[in-house]
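Load the structure in your viewer and keep the selection panel open. The stops below say what to select next and what is there.

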Amino acid sequence: MTDNLLMDRRRVLQGAGYVALAFSIPATDAQAQAPAAEKPRLPGDLNIVRNISAWIRINSDKTVTLLIGKVELGQGILTAVAQICADELDIDLKQLKVVSGDTALVPNEGVTAGSFSMPNCGPAVRQASAEARKIMLDLAAEKLKAPADKLTVKDGVVSAQGAGSVSYWDLAVGKALEREAMGNVKPKAIADYRYVGKDVPRLDIPAKMTGEEIFVHELRPKGMLYGQITRPPTYKAKLASLDSSAVEKMPGVLKVVRNGSFLGVIAEREEQANAAAQALFNAAKWDVEKGLPGNDGMEDWLTKTKPARMIDTKKQPRVGGDPAVKTLEATYYRPYHMHASIGTSAAIATMGADGVMTIQTHSQSVFETSAAIAKMLGLEPSKVRCQHVQGSGCYGHNMADDAAADAALLAAAMPGKPIRLQYTREGEHRWEPYGSAMVIKTRAGLDKDGNVLDWDLTLFSTPHGTRPGGEAGNLLSARYLEKPFAMPTPQNNGGPNFAADRNAIALYDFPGHNVLTNFITDMPLRVSSTRGLGAYANVFAIESFIDELAVAAGVDPVQYRLRFMKDERGRDVIARAADLFGWSKWQKKDGRGRGIGFAKYKNIAGYCAVALEVEVNKRNGRIRVLRAAAAADSGHIVSPDGVRNQIEGGLIQSLSWTLKEEVKFDDTSVTSQDWASYPILTFNEVPAIEVALIDRPGTPFLGTGEASQGPTGGALANAVFDATGVRFRRLPLTPDRVKAGLSA
Amino acid sequence: MTAFKLNQKDVRADAPATSPLLFVLANDLGVNGVKYGCGKSQCGACTVLVDGEPVRSCQTALSAVAGRSVVTLEGLREAGQPSKLQQAFIDEQAAQCGFCAAGMIMQAQALLDRNPQPTESDVRTALNGNLCRCGAHNRIVRAVLRAAKEA
C-alpha cells in the first residue's frame, strides 16, 4: 500500500537476483588498472570497496538498487544515504531500492557503529553515484550524438536539447558500472540538491506504523520452528548433570540440544520452547561460582584492580609559568548500563541442503558475525551467510549477534528447518554485554582568578569492545560448548579517544593537560560497546568538573567554558544552546536549577551542547527535568529531522541513564532482570525539548547518534547542583541518593 | 480450537487454550502488529484492543478472548490505508527503531476512543506504561495530539 522500496522481503529471503544488462564498456582508464598503491584515495568506504557496481545496480524494471554495508538500526541511515544517491544520480527517490547488510550482496563496510555511517558510507555513496551518473551521461551522449555537457537528467531520463532523450534503463549500463571508481567526478553543487538537506520522510516508518512486515521478528519462513536457550545460573557455572528425559516429553518439544554447558531446545511453538527451556534450567545441576564485587562494591573494585594497561592518553605537562595557587579534585562514578532494547534479540537460522547456514539477524556487524559463527560451527567462512533484517534499536553491541549464533547452534542440530529464536526478557537483561562501569578522577591546578593551569584526568574502566570481530570466543554461547572457545582479551583499540578513553581528552585548551587511562581487562560483568562507549562517563565527569571550577571561580558556567574553548564551532554550539535555553534571562527560583554540558563527540564527530532546567523535591529527593535545549553541529546536514531525532533521542536516553539506571548484581549474578528491577524513563518524566541545528553546507558529514548523551549527563548533574548546592558525582541520581546527599 | 474476531474477521486458532494471545497472533495468525517485549505486562509492546480495551497480549491467555473482538495495528488501517492515527505517527516521524510503535498506537487508539480531545498530560499518562528506549516520546505525544486535532 505504500511505496516502500526499502527492501523487498521475499527477495531477501530468497537471495536477490539482479538484472545486469548486457552491454559492456571496458574500463580503459589506466588508473583503474593501476596497482593499489598508485590508486587515488576515494571518499569514505568507496576506498575499500572500489567497484561502482558493488554499490549501484541499474535494474531492468526502471529502478536503481543501492547496496550498502551499513544497516538500519532506527537511526534513519538508509533514508539519508538514499537521499544522497537519488540526488547524485538525478533519480526520484521512488525509483531507488536500498539493500543493506547481506554478506552475499553488499560491500563490506565493517560494523555499523560509532557514528561512522554518515562519515564513511555517505561520501562513498555520493561519489559512486556521481561517477555512475557520469558513465551514463557519456553513454547517452554517444547515443544521442550530443555533447555530454549539454545533457540534462531528470528521474533517470537524459535529455539533449532538441536531440531527444534516453533513460538510464534504455542505456543498458549494467556492465558499464563494473569498474572502479576513479575519484575524478565532482559531486553536485549543494544548490542543485533536491533531497539532501531536506526533511525526507523515513522510508521504513510507514511499514512500522501499519504492521507491514519489516522486523526480523516478523519473518515466518515455511516450516519454521522455535528455539530457546537455557543459560547457566552464573557466568562461569558449569553443567554438572542433567536428566532431560522429562523435558523431552513436554508438549511440542522436538529436541533438546546439549553441547558442553550449552543447553537449548527446539519446539513446535514459541511458548513451548520457552517453557521447556525453563524446565531444563530447573532440571540441570550446575557448579556455581561466587566472587562478583556486587554493584555497590564496583567503584572500589575499579580503583583497586590492577589494570592490564596504563595508557598515557594525553601527556601535555605545562611548561614554565607560576605554580597553581589552588588545587581542586573530584571523583565521579558511572555504573554499568544496559542497552535495554525494547524488543529482545532474535534471529532465524537455517542449515541448508547446500551446507550453507543462512541467518536473518539484526546484527550491526553481519560480516564479522558470519566469520565468528563459521568458526564456532567449524564451517568454511563462505558457508555462513548473514542477512540483516531490522530489529529493535540496539544502541551498541547488544545480544543481536548472540541470538544469531544461538539460532545457528540450534539449526545445526536440525538441518533443513528454519529455527527462530527470540530471547526472553530475563535472558536479554541478565546476559547482554553491558556498558562498562567507570571511575574518573579529575584534578585541576588553578591561578588566582580560578583559571585552569593544569588539568589531570585519570580514568578506570573495563573494556568497551567485545564485538564478534570474526572470533567465536566473542559469541557468548561459544564459551560454554564442550570444546569451548576462549574469549579473546579485549583491547582498548584505536588511537586516543577511541574506547574507554573516548572523549577523555577535554576539548578545552588548558596549559597543562594530562589524561591517564587505566584499562582493566578483568570483567566482573560481561561488557561491550554501549552507545558512546567511554564518552558518556568522561563527558559527564569533565562537564561536571569544569562546572565545579566555574562555581569556585565565581564565574558563570557558560562564560567559564568559553574562556577555554578556542574551537569556533564549539563556541557556537555552546552559545546557541545557552541562547535557546534563555540562559541570560533565566531567573532562579527556589528548588530549581539550570545546567549546561558540551562535547564534540570523539573530538572528531558532531558538536553538541545541552542546557536544561530541573526542579528538585528536597523532601523526597526526586528530580524533575522541566525542559531542555540542545544545539548541534553535525557538519553538512543531509537529513535535518534525522539529526533532530538523534539529538533528542540521545538526550532522553541519557536522562534515563543519569536519573535511573544501574545494573544491579550481587556476589553471584545479575539481579536486574526486567523493567521493574531496571527501570527506564517513562512519558511522564520526559521534558519538553528544543533542538537547534547549525548547518555547515559543504563541510564533511559528522556522526550524530552519540553526540548528546555526554553533554546531557553533565548538564543534569550541574542543574541539580544549581538547584540544591550539593554536588552529586555518583550515578544514577536516584531519589534515595539525592535525599541522602541533601541531608548529609 | 478457539474462535474469536480478529480485525473484524472471524478466525479460529488451533493452539492450546493457555497459549499467550501474543504468540497465537504473531505465530499462528501472522499478525505483525504485536511485539514480544517482556512477557510481563511491563513494556506495552504487545498491546492489542480486546472489545475496545487495551490489553497486554503477552499476559492474556488465548481462552480469554474466545468469542470476543481483538484488534491489532493492522486492524486500524482504513481501506488498506493508514488510519488518521497511523498517518499522524508517520507525519510526525514518531519513531527511531519503531519497535514500540505498534503498542503505542494501540494504547493511544484506546485513549482517543474514550477521550477524543485529550490534553498533552492525558496522552502522557495514558502512554506511561508503554516503554520507548530510543527517546521518541515527544514525537509520539505530538502524533497523538495531531490525530486528535485532525479527527
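Select β10(A), residues 262-267, and show its side chains. F262(A), G264(A) and I266(A) point one way, while L263(A), V265(A) and A267(A) point the other way, and all are buried. Buried here means that 20 or more other C-beta atoms lie within 10 Å of a residue's own; exposed means 12 or fewer, partly exposed is in between, and C-beta atoms are placed from the backbone. In a regular strand the side chains alternate between the two faces of the sheet. Strands (E, at least two residues) and helices (H or I, at least four) are DSSP runs, numbered from the N terminus.

This is a predicted model, in which local features need pLDDT of at least 70 and side-chain atom pairs count only at pLDDT 80 or more, while totals for chains, interfaces and linings use all residues. Residues are numbered from 1 along each chain as its sequence is written, and chains are lettered from A and ligands numbered from 1 in the order in which they are written.

Strand β7 of chain A (residues 225-230) pairs with β10(A) in the antiparallel sense over five bridges; two strands pair if DSSP finds at least two bridges between them. On this side, T230(A) has L263(A) as its bridge partner. Strand β9 of chain A (residues 253-259) also runs antiparallel to β10(A), joined to β10(A) by six bridges. There R258(A) stands opposite L263(A). Zoom in on the hairpin of β9(A) and β10(A): two residues lie between the strands, and G260(A) takes a positive phi near 65°.

Next, colour chain A by domain. The division is domain 1 (9-210), domain 2 (218-288 + 340-431) and domain 3 (438-464 + 499-743), with bounds from an automatic or database domain assignment. The C-alpha centres of domain 1 of chain A and domain 3 of chain A are 39 Å apart. Between these two domains, 17 residues of domain 1 of chain A are in contact with 20 residues of domain 3 of chain A; contact means that the C-beta atoms, placed from the backbone, lie within 7 Å. On the domain 1 side, α3 (77-89) and α4 (117-144) of chain A each supply at least two residues. The largest share of that side, four residues, comes from α3(A).

Stay in chain A and select β21, β22, β23 and β24. They form an open sheet of four strands in the order β21-β22-β23-β24, with mixed pairing. β21 (592-600) and β24 (688-693) of chain A stand at the edges, each with a single partner strand, so one side of each has no neighbour in the sheet. The twist averages 15° from one strand to the next; axes are lines fitted to C-alpha atoms, for helices over the stretch in contact, and angles run from 0 to 180 degrees between N-to-C directions. Strand β23 of chain A (residues 623-633) runs parallel to β24(A), joined by six bridges, and A628(A) stands opposite I689(A) in β24(A).

Move to α12(A), residues 535-553. This helix has 19 residues and reaches 26 Å from its first C-alpha to its last, close to the 27 Å expected at 1.5 Å a residue; the expected span is 1.5 Å times one less than the number of residues. Of its 19 residues, 16 are buried. Just after α12(A), G554(A) takes a positive phi of about 70°.

Now show both chains. How many residues does each chain bring to the contact? Chain A gives 48 residues and chain B gives 48 residues. Elements of chain A with two or more residues on its side are α5 (205-210), α7 (270-283) and α15 (640-660). The largest share of that side, eight residues, comes from α15(A).

Finish in chain B with L85(B), in helix α2 of chain B (residues 84-91). L85(B) is buried, with 23 other C-beta atoms within 10 Å. Not counting residues up to four places away in sequence, L85(B) touches L76(B), I105(B), A108(B), Q109(B), L112(B) and A147(B). L85(B) and L112(B) are 27 residues apart in sequence and 9.3 Å apart in space, C-alpha to C-alpha.
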